[in-house]
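Some terms used for protein models carry a cut-off or a convention. The questions below ask how such terms apply here.

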Amino acid sequence: MGSRVAAIDFGTNTARLLVAEIREGGFDPVRLEREIVRMGGGFSREEGLSGDAQQRGLCCLQRFAGIIRSLDVSQVRAVATSAVRDAINGPAFVESIHCRTGIELMVIDGIREAELTLSGVLAGLDRREKELLVFDVGGGSTEFTLARDGRAQFVRSLPLGVVRLTEGKVTPEAVSEKIGRELDLLEREMATALVRPAPGATLVGSAGTATTLAAIAMEMKDYDYRKVNNATISRQQIGTIYERLLPMAPEERLKVPGLEKGREDLIIAGILITMHTMDRFGFHTLKVSDYGLLEGLIVSGGVTG
């Protein structure tokens with residue numbers, strides 16, 4: 001007899017809910033919900049989360065709480081990531097959410113976020129790879145995990161998030177410069193740790209940028225995670241998508257099949273992180289994972305599992 005569990009990934013740009021029936025060897029999805037909440041919108045070091053962002057987050061989590069109550073869930077595993085953990089008013093927001101929805105958000109650091117993401121990615125891969133470099137582009141940070149035989153060998157969280165890059169940098173050139181500096185540091189840390197992706201390693205992209213690139217490449221009018229998960233997209237295709245989207249105004253980009261509303265201004269920063277990563281480590285193709293932190297919460301047994 002399986003038990004029904006709910007997982008919430010409350011991110012800097014997107015909030016996701018997965019209700020799943022746990023069974024031996026895996027899980028069966030019952031309900032999947034997603035909402036762009038843009039918790040990093042209007043973020044400041046002095047004030048933290050903006051009032052508008054907190055209201056968006058509250059409305060979303062109230063809706064999620066209603067769904068959870070209606071589905072006879074036995075356990076809720078909910079985490080908040082970059083925007084909430086970096087906000088001076090993050091603890092007050094978490095307490096407010098608990099009081100008003102009953103949902104207990106656990107704020108996790110970038111390393112735990114990457115570990116859970118790896119667990120989720122591995123659960124969704126169509127085949128086991130000897131070595132993976134997984135990168136998870138979020139709204140407030142990007143996590144890089146080098147894994148061998150399914151185990152993390154090197155994990156870093158970089159302050160490269162699409163919301164913060166988009167709101168903090170005026171031009172694509174400025175965004176690229178910031179990405180380059182952070183990847184320089186990443187490479188130096190890898191060299192110190194004596195690790196680097198081996199020839200033949202697989203690059204896996206998790207989260208919204210990677211899945212959006214796959215959906216655009218497939219001209220997908222209605223998003224289908226089953227087609228997106230394990231899709232492969234070439235560096236050349238990604239470059240072509242970038243050149244197509246760059247000159248467009250954000251509202252024009254919404255006419256492009258596969259581009260979700262709420263990502264029209266953020267996608268440029270996300271693509272730049274992706275292209276810089278591929279070029280820096282010599283990858284010509286990207287494998288896309290629709291699975292990530294959310295599924296990791298399910299298969300790992302929770303935040304501390």
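This is a predicted model: local features need pLDDT of at least 70, side-chain atom pairs count only at pLDDT 80 or more; totals for chains, interfaces and linings use all residues.

Q: What makes β8 and β10 edge strands?
A: The open sheet has 6 strands in the order β8-β7-β6-β9-β11-β10, and its pairing is mixed. β8 (151-158) and β10 (232-234) each have a single partner strand, so one side of each has no neighbour in the sheet. From one strand to the next, the twist averages 25°.

Q: How do you know that β9 and β11 count as paired?
A: Pairing requires at least two bridges. β9 and β11 (residues 285-289) are joined by 3 and run parallel, so the pair meets the definition. Val-204 has Lys-287 in β11 as its bridge partner.

Q: Why is Ala-198 called partly exposed?
A: The term covers values between 20% and 50% relative accessible area. Ala-198 has 31% relative accessibility, and therefore counts as partly exposed. Ala-198 sits in the loop between α6 (172-192) and β9 (202-206).

Q: What makes the buried residues of α3 a single side of the helix?
A: Gly-90, Phe-93, Val-94, Ile-97 and Thr-101 are buried in α3. They cover an arc of only 100° around the axis, which puts them on the same side of α3. Pro-91, Ala-92 and Cys-99, on the other side, are exposed. The cover over the buried residues includes β1 (3-10), α1 (51-70), α2 (82-86) and β5 (105-107).

Q: How does the span of α3 compare with the expected value?
A: Helix α3 (residues 90-101) has 12 residues and reaches 16 Å from its first C-alpha to its last, close to the 16 Å expected at 1.5 Å a residue. Gly-102, which follows α3, has a positive phi near 85°.

Q: Which residues touch the most other members of the largest nonpolar core?
A: This core has 47 residues, and those with the most contacts to other members are Ile-179, Ile-238, Leu-245, Ile-271 and Leu-286. Its largest share, 9 residues, comes from helix α11 (residues 267-281). A second, separate core has 29 residues, including Met-39, Ala-65, Ile-67 and Leu-71.

Notes
Residues are numbered from 1 along each chain as its sequence is written. Side-chain values use heavy atoms; hydrogens and water are left out. Helices (H or I, at least four residues) and strands (E, at least two) are DSSP runs, numbered from the N terminus. Buried means under 20% relative accessible area, exposed over 50%, partly exposed in between (1.4 Å probe, protein chains only). A nonpolar core is a set of buried Ala, Val, Leu, Ile, Met, Phe, Trp, Tyr and Cys residues joined through side-chain atoms within 4.5 Å. The expected span of a helix is 1.5 Å times one less than its number of residues. The arc is that of the directions from the helix axis to the C-beta atoms. Contact means heavy atoms within 4.5 Å. Axes are lines fitted to C-alpha atoms, for helices over the stretch in contact, and angles run from 0 to 180 degrees between N-to-C directions.
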